[in-house]
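I would like to know how each label is defined along the way.

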Amino acid sequence: MKPELQMFLDIFVAGALSFGGLAAVLSSLHNSMVLQHHLMSDEDFSRTYSLAVGAPGPNAIFLSLLGYRLAGPPGACLAFLAWALPTMTLLFLVGRTGSARAPSWMQATRKALVPIVAGLLVAAAMRTARSFSWPAPQWGLTLAALAVLVYRPKWNPIWVVAICALVGAAWIR
């Protein structure tokens, strides 16, 4: 199978089955694109993700960068389409049914998915973190921030990140 088509299918499936956005399926995408289909190296995947996270705009720019890395501008367009198509189709179908209010089973399903999404986000963060070499103090600071955000979910994450940045700048050199 052509790499472009394989990439399209991997991203399409991730988009169709994902809950929680791109970060929740990052580990799954890494597994399929790097480990199973060998479309790129682990280092290329991590560097592309780092570049996308550092760029302004939505996190989904990562997928366009992956597509661009594999097949140039057509690959970037394919990657974007593969991610957006399942959501656009679902929104179209929900809009056609006219169901503005969610039934009770859908609300219960949404509540049940919260721990699953949290687990997927932690798995994606751990997968990404493994590809970098961090000293022990950075790991400690990261785990402390995670603990604060888990046990104080109403705290604004911007302040937690800002405090970690100040502590890291002063303490970790």
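Arg47 is exposed, with a relative accessible area of 55%. In this description, buried means under 20% relative accessible area, exposed means over 50%, and partly exposed is in between, with a 1.4 Å probe and protein chains only. The model is a predicted one, in which local features need pLDDT of at least 70 and side-chain atom pairs count only at pLDDT 80 or more, whereas totals for chains, interfaces and linings use all residues. Residues are numbered from 1 along each chain as its sequence is written, and side-chain values use heavy atoms, with hydrogens and water left out.

The side chain of Arg47 meets that of Glu43 in a salt bridge, at 2.6 Å from N to O; the term stands for a side-chain nitrogen of Lys or Arg within 4 Å of a carboxyl oxygen of Asp or Glu. Glu43 and Arg47 are four residues apart in helix H3 (residues 42–54), and therefore about one helical turn separates them. Helices here are DSSP runs of H or I with at least four residues, strands are runs of E with at least two, and both are numbered from the N terminus. Glu43, at 45% relative accessibility, counts as partly exposed.

By this rule the count comes to two salt bridges, and Arg69 forms one with Asp44, where the closest N and O atoms are 2.9 Å apart. Because Arg69 lies in helix H4 (residues 61–97) and Asp44 in helix H3, this pair ties together parts that are 25 residues apart in sequence. Both partners count as partly exposed, Arg69 at 48% relative accessibility and Asp44 at 23%.

The phi angle of His38 is near 50°, a positive value in a residue other than glycine, and at 61% relative accessibility His38 counts as exposed. Gln6, which is found in helix H1 (residues 3–17), is by contrast buried, with a relative accessible area of 12%. Leaving aside its neighbours within four places in sequence, Gln6 is in contact with Met1, His37 and Leu39, where contact means heavy atoms within 4.5 Å.

Helix H4 also holds Leu63, a residue that counts as buried at 0% relative accessibility. Not counting residues up to four places away in sequence, Leu63 touches Ile11, Leu22, Leu29, Ala79 and Trp83. Leu63 and Leu78 are 15 residues apart along the chain, and their C-alpha atoms are separated by 9.3 Å.

What distance should the 15 residues of helix H7 (residues 157–171) span at 1.5 Å a residue? The expected span, defined as 1.5 Å times one less than the number of residues, is 21 Å for H7, and the C-alpha atoms at its ends are 21 Å apart, which agrees. Val160, Cys164 and Gly168 are buried in H7. Seen down the axis of H7, these buried residues fall within an arc of 65°, so they line one face of the helix; the arc is that of the directions from the helix axis to the C-beta atoms. The face of H7 turned away from the buried side carries the exposed residues Ile158, Trp159, Ile163, Leu166 and Ala170.

The buried residues of H7 pack against helix H6 (136–151). Gln138 has its place in H6 and, at 30% relative accessibility, counts as partly exposed. Gln138 and Cys164 are 26 residues apart in sequence and 9.6 Å apart in space, C-alpha to C-alpha. At the start of H7, a side-chain oxygen of Asn156 reaches to within 3.0 Å of the backbone nitrogen of Ile158.

Finally, the chain as a whole can be considered. Buried residues make up 28% of its 173 residues. Among the contacts in the protein chain with a separation of 6 or more, residues 24 or more positions apart account for 58%. The chain exposes about 11500 Å², of which carbon and sulfur atoms supply 69%, the areas coming from the Shrake-Rupley method with a 1.4 Å probe.

Note on methods:
A polar contact is a pair of N or O atoms within 3.5 Å; within protein, one must be able to donate a hydrogen and the other to accept it, and residues adjacent in sequence count only if both atoms are side-chain atoms.
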